[in-house]
Amino acid sequence: MSMAIRIHQTGGADVLKWEDRDVGSPAPGEVKIRHAAVGLNFIDVYMRTGLYPVTDFPFTLGMEGSGVVEAVGDGVDGFSVGERVAYPMNPGAYAEERVVPAARVVKIPDGISDNEAAAMMLKGMTAQYLLRRTYRVQPGDNILLYAAAGGVGLILSQWAKHLGATVIGCVGSEEKGALAKANGCDHTILYRDENVAERVRDLTNGEGVAVAYDSIGKATLESSLDSLKPFGTFVTFGNASGPITDFNPGVLAAKGSLYLTRPTLATHTATRDLLEDSANELFDVVSGGHVKINIGQTYALSDTAKAHEDLEGRRTTGSTVLLP
Ligand SMILES: NC(=O)c1ccc[n+]([C@@H]2O[C@H](COP(=O)([O-])OP(=O)(O)OC[C@H]3O[C@@H](n4cnc5c(N)ncnc54)[C@H](OP(=O)(O)O)[C@@H]3O)[C@@H](O)[C@H]2O)c1
């Protein structure tokens with residue numbers, strides 16, 4: 001038996017329960033991992049609240065973790081007991097131990113710690129596909145992003161800067177602005193107080209940005225569209241303020257033949273090739289010192305409810321790691 005944080009229904013942070021359960025042995029094609037660290041992500045909140053459907057209760061939340069292979073199922077090639085591994089986007093991470101398909105796991109390179117791996121797989125691979133696949137950032141591009149001091153935000157800002165972009169980051173407070181500027185943002189906007197589109201026009205000589213990476217959703221839809229230059233790309237990839245529901249595509253024409261996409265890491269890691277390509281690019285920029293993984297806070301895994309409350313309350317910065 002080993003402990004996990006499970007939910008028996010969707011709801012507030014109080015539905016997160018610390019419980020004993022039987023993990024069992026890995027099935028064919030699976031590995032069993034003892035977690036060293038577990039990553040906290042905003043998608044965990046969407047699943048806990050039911051915004052993203054969960055139907056199979058009791059359900060172990062958590063999408064990202066790092067640890068050591070404890071056992072290997074039949075037919076698994078390339079992983080052995082004792083190896084350090086990590087993964088993004090696999091429900092069931094809020095646990096001391098778990099089984100997971102070997103095809104979803106990668107080895108952690110030397111020089112990257114277990115905590116860093118748990119803090120960077122999901123958020124960093126998201127940054128990778130946003131910057132390198134969804135809209136391929138070019139040197140000299142002006143780009144806009146939100147929650148610049150958050151988990152994805154700090155990685156996205158550093159990586160975009162490394163690619164040669166001028167990075168405009170929206171932040172919720174002065175303190176977060178200072179952190180974002182120390183991590184790749186050339187300019188910051190206090191988006192709860194300032195007019196984002198006006199500031200963006202000022203900062204770009206009236207031109208607008210080539211791409212807006214928007215993880216906030218409902219609250220920032222307009223400011224993102226109004227900040228883009230003609231033919232610019234609006235990437236809406238999160239719902240921190242709530243999902244965008246009604247949308248009229250005619251707006252894209254009126255605002256300058258804009259492009260809109262709503263991507264997810266699930267598609268961008270759906271095959272082994274996509275997963276490895278993304279993980280390898282991430283490991284390269286981190287190992288090369290171009291992107292530093294900022295762990296803003298850690299919690300005991302048993303205290304995950306508090307971590308959820310802080311993430312939802314906008315009190316965290318950088319990545320959050322839960323320790324079994
Ligand atoms: N589509 C994908 O593939 C994908 C993958 C990973 C993450 N995401 C999205 O990326 C975003 C960032 O994820 P993360 O885990 O790194 O979280 P995070 O950015 O560390 O935390 C969320 C931040 O969003 C901002 N925010 C704005 N309005 C908010 C509200 N009403 N409630 C709570 N926070 C609000 C806050 O920053 P300020 O105080 O600066 O406003 C808060 O700190 C999330 O929207 C997530 O869903 C999408």
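**Exercise 1.** In this predicted model, how many salt bridges are counted between domain 1 and domain 2?

*Solution.* Start by finding the two parts. The domain assignment gives domain 1 as 2–121 + 294–323, and domain 2 as 139–262. Next, look for a side-chain nitrogen of Lys or Arg within 4 Å of a carboxyl oxygen of Asp or Glu. Between domain 1 and domain 2, the count comes to 0 salt bridges.

**Exercise 2.** Work out what the contact between domain 1 and domain 2 is made of.

*Solution.* Let's begin with distance: the C-alpha centres of the two domains are 29 Å apart. Domain 1 puts 11 residues into the contact, and domain 2 puts in 16 residues. Now for the area. Interface size is often given as the accessible area lost when the parts come together. Here about 960 Å² is buried between domain 1 and domain 2, with carbon and sulfur atoms giving 48% of it. Sort the domain 1 side by class and you get 5 nonpolar, 5 polar and 1 charged residues.

**Exercise 3.** Which residues come nearest to the ligand, and how much of the ligand does the protein bury?

*Solution.* There are 28 residues around the ligand, and the nearest are Y46, Y129, K176, Y191 and R314. Zoom in on Y129: one of its polar side-chain atoms sits 2.7 Å from a ligand oxygen atom. For K176, a polar side-chain atom is 2.6 Å from an oxygen atom of the ligand. A240 uses its backbone instead, with an N or O atom 3.3 Å from a ligand nitrogen atom. On its own the ligand exposes 910 Å², and the protein buries 92% of that.

Notes. Residues are numbered from 1 along each chain as its sequence is written. This is a predicted model: local features need pLDDT of at least 70, side-chain atom pairs count only at pLDDT 80 or more; totals for chains, interfaces and linings use all residues. Side-chain values use heavy atoms; hydrogens and water are left out. Domain bounds come from an automatic or database domain assignment. Contact means heavy atoms within 4.5 Å. Buried area is the accessible area (1.4 Å probe) that two parts lose on being put together, summed over both. Ala, Val, Leu, Ile, Met, Phe, Trp, Tyr, Cys and Pro count as nonpolar, Asp, Glu, Lys and Arg as charged, and the others, Gly among them, as polar. A residue is near a molecule or strand if one of its heavy atoms lies within 4 Å of it. A polar contact is a pair of N or O atoms within 3.5 Å; within protein, one must be able to donate a hydrogen and the other to accept it, and residues adjacent in sequence count only if both atoms are side-chain atoms. Accessible areas come from the Shrake-Rupley method with a 1.4 Å probe; for residues, only the protein chains shown count as cover.
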